Amino acid sequence: MSLLSFRAVSLSFGGPLLLNQADFSLERGERVCILGRNGEGKSSLLKLLTGENVADSGEISRQQGLVIAALSQEVPHSLTGDVFDIVADGLGQAAGLLQKYHHLSHACELGDMDACTELANIQHDMDAQDSWSLQHKVEQILSRMELDGNAALDSLSGGRKRRVMLARALVQEPDILLLDEPTNHLDVESIQWLETFLASYNGTAIFISHDRAFIDRVATRVVELDRGILRSFAGSYSQYLIEKPQLLEAEAKQNAVFDKKLAEEEVWIRQGIKARRTRNEGRVRALIELRKERGERRERIGTAQVSIQEAQKSGKLVFDIRNIQVSAGDKTLVNDFSAIVMRGDKIGLLGENGVGKTSLIRVILGEDTPTQGSVQFGTKLEIAYFDQLRNQLDEEKTVLENIAHGSDFLDINGERKHALSYLQDFLFSPQRARTPVKALSGGERNRVLLARLFSKPSNVLVMDEPTNDLDIETLELLEERLMTYQGTVLLISHDRAFLDNVVTSTWAFMGNAKVEEFIGGYQDWLRQTSTRHAKVSSANTESRANPAQNKEKATNVKRKLSYNEQRELDALPTKVSALEQEQQQLQDKLNDVNFYAQQPNEAILASQRLGQIEEQLLTLLERWTELES
């Protein structure tokens, strides 16, 4: 039996129907991705499921006692407090006693005797209300999500905050988990953690996302919301990409047959009625129905006509970056980084949130000064900068005013073009173009910024998180334009598919303020770092297999090892061997597809432990090399 189902459900807020006689059903254990263009009504659909929105017509059936938990796009700014309190809030009224017990317990551990006394008293209330099971539930979900219950929410990174919100939703043990753009503003590491968690999640989930790699890994079914109709595609996003063009082709053929018949009937009615009156009256009524059906047809919205104005070619050298150090206060973000950027290079910046990617870009562009080193500009540079914070937009002014600055026309690729016509290329109707920017959705704001950015000629594009909130069709079109762009691109993005399709090299933040350059996109970086680790491991394995050769190398050290250093070196082979053995055992478990289904919690812990082992191995092997040299 379905957890919930729609039967001929319609929903509208005064404009075109967001849902038009839509049918939908959700089975237990499914992970369904809702796809659709910006403004199609995806978030409104999720609010129908939770009951925040009420359908205009149709029937929504839910299993009795169904529990639905939702993870919103943003962490509320007003939300403060300890992680334990916020997660426990998901339990509703039962949370108060748990939170009080948690704070007293923590204070007692720190030596507060009054807290210890009060703690003994509150334990009776815990017994009376059977709150121990709820306490265990909260602690279990905190452990599963690798969260410190005593940490303050304000002290956490964006990815960790989203993890806290997910824990608060999951502590309710929902039958259905709803996630609206869960990967927005997360770095790659956080996205991969969420991917692994959801892929092994044995509950039921519905999520909205435009991250193609994430959808492909997590979704078991794709449901597209297109012009008020819900269409279901079984399988992954890759399967959806195969089936969707076939569906559009069939729709186009059906419409062509319909339009041909309507045209023939329109010709007939203008020629006059020649046959028997009763037959003609029936044909006239049929024509009226055809006209009505054609009038109600919603045409597919056109694709944004994104075009990038290119200035004259820059000099062959764009940026000569020499030994720069980038700092924020007392913290060093980038240390001793050098690179040469040539005309036509497309470079992606990869790293965790807060690691210093935007700061590095600002130093390269000359907006900030490096602590050390220098950046030399090439000649004839025309730089266009896409700011992820959208600071270039005036929230109070309309879209048109932000683009045209009071003029009716723009110079686009040497031609004079009306500003409203230019904005229509970015899917803004004349009415929407006169709307204040503050009233726009996140995706619409990104399109305004793209329209502003591309209204000026450039030969260097610097784009900081341009893909957030963009629907997939606009995102793919932007990809195409950047791929054919003849200028230079510096791109910060956590969209792995976008990086793979656009960039030719990657600057990766490798930790300890170190930035390294790799050929290719995200997958190429992943492959090269994996190969590097494998070579280091292989070299040390070979070294252990040839003790005589190893001994000969040891005699060539420039200085004699101390007693403790020699003991440390002698112990390293055993430590590395033990870790590699554990690594292989975990890898064998994770390669078993049944492991995720049968033991999801153990699978998550195994995956996390595997990452820890890789870091420990790298540290030990680096130390081994240091001691041997």
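Are E195 and R496 buried or exposed?

Modeller: This is a predicted model, and within it both E195 and R496 are buried. E195 is found in helix α7, which spans residues 188-199. Its burial follows from the accessibility: E195 has a relative accessible area of 4%, and buried means under 20%, so the residue falls in that class.

As for what these two residues do in the model, E195 and R496 form a salt bridge, with 2.4 Å between the closest N and O atoms. Because E195 lies in helix α7 and R496 in helix α17 (residues 496-502), the pair ties together parts that are 301 residues apart in sequence. In general terms, side chains of opposite charge can pair when their charged atoms come close.

E195 has a further partner. Its side chain makes a polar contact with the side chain of R217, at 3.4 Å.

D226 and R231 meet through their side chains in a salt bridge, at 3.5 Å from N to O, and both D226 and R231 are buried. E480 and R481 also form a salt bridge, the closest N and O atoms being 4.0 Å apart. Here E480 is partly exposed, with a relative accessible area of 43%, and R481 is likewise partly exposed, at 26%.

On the surface, E189, E352, E614 and E615 gather in a patch of negative charge. Of these, E615 is placed in helix α22, residues 600-628, and is exposed, with a relative accessible area of 58%. Helix α22 also holds W624, which counts as buried at 2% relative accessibility. The C-alpha atom of W624 is separated by 6.9 Å from that of L572, although the two residues are 52 residues apart along the chain.

E173, which is not a glycine, has a positive phi of about 50°; its place is in the loop between α6 (158-170) and β6 (176-180), where E173 counts as exposed at 53% relative accessibility. E465, also not a glycine, has a positive phi of about 55°. E465 is found in the loop between β17 (460-464) and α16 (472-484), and is buried, with a relative accessible area of 6%.

Definitions and conventions
Residues are numbered from 1 along each chain as its sequence is written. This is a predicted model: local features need pLDDT of at least 70, side-chain atom pairs count only at pLDDT 80 or more; totals for chains, interfaces and linings use all residues. Side-chain values use heavy atoms; hydrogens and water are left out. Patches are made of residues with over 30% relative accessible area and no salt bridge: like charges are joined within 9 Å, nonpolar side chains (Val, Leu, Ile, Met, Phe, Trp, Tyr) within 5 Å. Accessible areas come from the Shrake-Rupley method with a 1.4 Å probe; for residues, only the protein chains shown count as cover. Lys and Arg count as positive and Asp and Glu as negative; His and the chain ends are not counted. The place of a charge is taken as NZ of Lys, CZ of Arg, CG of Asp or CD of Glu. Helices (H or I, at least four residues) and strands (E, at least two) are DSSP runs, numbered from the N terminus. Buried means under 20% relative accessible area, exposed over 50%, partly exposed in between (1.4 Å probe, protein chains only). A polar contact is a pair of N or O atoms within 3.5 Å; within protein, one must be able to donate a hydrogen and the other to accept it, and residues adjacent in sequence count only if both atoms are side-chain atoms.
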